[in-house]
Amino acid sequence: MRPTTFLLLGGAITAPALTALVSPASAAPAGTVTITIPRLNVAEYHKPYVAVWLEPVGGGTPKTLAVWYDLKKRGNDPGTKWLADLRAWWRKGGRSMAMPADGVSGATRAPGQYTIPLPADVKPGQYVLNVEAARETGGRELVSVPLTAGGRTSGKTELGAITLSAR
Amino acid sequence: MKPFAVRLMAAAALLSIPAALSAHRMWMLPSATVFSGTDGWVTVDAAVSNDLFFFDHQPLRLDGIKVWQPDGSEGALQNGATGRYRSVFDVKLDKPGTWKIGTQMSAVMGSFKADGVEKRLGGRRGPPQPGAPAPLTVADIPANATDVKVTEISGRNEIFVTAGAPTTTVFKTTGKGLEFAPITHPDELVAGETAKFRFLVDGKPAGGLKVTVIPGGKRYRNDEGARELTTGADGVLSVDWPTAGMYWLNATLTDAKPTTPRATERRMSYVTTVEVLTP
């Protein structure tokens, strides 16, 4: 138990890692996910559109946890025109959702780390967590990680470290 | 004046016949096939050329192009324009679901001999020329005609675009001619995944049908990259998509089951352009 917890602590420097100390990681279901939006040294930077969703391992209905888009955009379209650029998420269920979605959608985020609580009723090992980011004048990246506490991965371009922690 | 007339004739000759009869390819290229938001517009290039998707030969005429809304009713084509090499038009995707945009053509071609003179049915290919006599039809074949050879030609050229979640109403088939009845939704194609499309002839599975699949971007590679695929006995075509991009699909079929009186043969073609996205 202890090494796993320490590993987790070493990986996630944010608040969720501290709570992981209290409940042993391997036994507890993942409670939060921390997503890093990297700071990019580019001439023209726009905050990325980001979608976070869970997919059952054996297939099934995906569950969207968060969608960050330009929801304050004015004009004919309230920022939803580019949601299809999150193309994996769009195909996996985003296209069936009405936006803005209560408790799910929000404004785009500046570079930094963000922690999202996971639904309490998901069981470890049965889901894959997906994070997809698409940036105007930039790239697009999809990162997936099995939903277990202590699970971690990292994007290469548009996303930084993705860390799962017990609640 | 002369170049224009020549050009017009060339255009007329090429544009109204199905791809089966010509090395030149008819195509429509949508700006995208998957749309989100509340103010979606698709803009489409339509042309006839050899290399896909480069407009360098003739425009596709806009007269025959129709729009079907997700509920199957007819929609509107807007901002249509025909240039030297291509036509362009927009469709406002103001209803969620899958839209169909395309043309359907049918024609009768052939010839007969009457009183020792050979005459052609259907006249010149393409739209009527000013001052030209009305083209002959099957009804004009006299009783004493010999060497009657009549061929029925039909073709469809369609693309599908989806706003929001995909629907399938526009895939409803008529049971006439060569038709496309996709199993995998054509707006849900992903590189690395196999798509399955069923082809029907007169509403029945078109088994053993040859289908040509060509990726766009011809100018930037050496090979044509065309694949000749064949449907199974159930009329189902399985297509793997090696990379993301736009692909041109063309199926042609000739059989001896025309519906036109006195026709002995019919030639059918189906053309579509599909977009394959990265996973």
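The largest nonpolar core contains 82 residues, and the residues with the most contacts inside it are B:Trp27 and B:Phe199. In soluble globular proteins, nonpolar side chains tend to be buried together. Beyond its neighbours within four places in sequence, B:Phe199 contacts B:Leu178, B:Phe180, B:Ala206, B:Leu209, B:Thr231, B:Gly235, B:Leu237, B:Ala251 and B:Tyr270. The model is predicted, and the predictor assigns the complex an ipTM of 0.80 together with a pTM of 0.84.

Confidence was examined for each chain in turn. In chain A the average pLDDT is 83, with 81% of the residues scoring at least 70. Residues 1–27 of chain A have a pLDDT below 50, and this stretch makes 47 contacts in the model beyond near neighbours in sequence. In chain B the mean pLDDT is 89, and 89% of the residues reach 70 or more. Here the pLDDT stays under 50 over residues 1–21, a stretch for which the model has 36 contacts beyond four places in sequence.

Chain B comprises one helix and 20 strands. Of its 279 residues, 38% are classed as buried. Among the contacts of chain B with a separation of 6 or more, 68% link residues 24 or more positions apart.

Strand S1(B) is joined by six bridges to strand S3 (residues 40–49) of chain B, and the two strands run antiparallel. Within this pairing, B:Met28 has B:Ala46 in S3(B) as its bridge partner.

A further antiparallel pairing in chain B connects strand S9 (residues 97–114) with strand S10 (residues 117–121) over five bridges. One of the bridges sets B:Ser111 against its partner B:Arg120 in S10(B). The two strands S9(B) and S10(B) form a hairpin with two residues between them, and B:Asp115 in the turn has a positive phi of about 50 degrees.

Chain A contains three helices and nine strands. Read from the N terminus on, its elements follow the order α-α-β-β-β-α-β-β-β-β-β-β. Of the 167 residues in chain A, 37% are buried. Contacts in chain A between residues at least 6 apart in sequence join residues at least 24 apart in 62% of cases.

Five strands of chain A form an open sheet of mixed pairing, in the order S4-S3-S2-S6-S7. Strand S4 (105–107) and strand S7 (140–146) of chain A stand at the edges; each has a single partner strand, so one side of each is left without a neighbour in the sheet. From one strand to the next, the twist averages 15 degrees. Strands of a sheet pair through backbone hydrogen bonds, either parallel or antiparallel. The parallel sense is found between S4(A) and strand S3 (residues 63–69) of chain A, which pair over three bridges. At this pairing A:Tyr69 stands opposite A:Ala107 in S4(A).

Strand S6 of chain A, covering residues 127–134, includes A:Leu129. This residue is buried because 25 other C-beta atoms lie within 10 Å, and a residue counts as buried at 20 or more. Apart from neighbours within four places in sequence, A:Leu129 is in contact with A:Val33, A:Leu54, A:Ser144, A:Val145, A:Leu147 and A:Leu164. The C-alpha atom of A:Leu129 is separated by 9.8 Å from that of A:Thr64, although the two residues are 65 residues apart along the chain.

Finally, the interface between the chains was considered. The contact involves 13 residues from chain A and eleven residues from chain B. The side of chain B that touches chain A consists, by class, of five nonpolar, four polar and two charged residues.

Conventions
Residues numbered from 1 in each chain as written. Chains lettered and ligands numbered in written order. Predicted model: local features only at pLDDT ≥ 70, side-chain atom pairs only at ≥ 80, totals over all residues. Contact = placed C-beta atoms within 7 Å. Nonpolar A, V, L, I, M, F, W, Y, C, P; charged D, E, K, R; others polar. Helix = DSSP H or I, 4+ residues; strand = E, 2+ residues; numbered from the N terminus. Buried ≥ 20, exposed ≤ 12 C-beta atoms within 10 Å, placed from the backbone. pLDDT = per-residue confidence, 0-100. Core = buried A, V, L, I, M, F, W, Y, C linked by C-beta atoms within 7 Å. Pairing = 2+ DSSP bridges. Axes fitted to C-alpha atoms, helices over the stretch in contact; angles between N-to-C directions.
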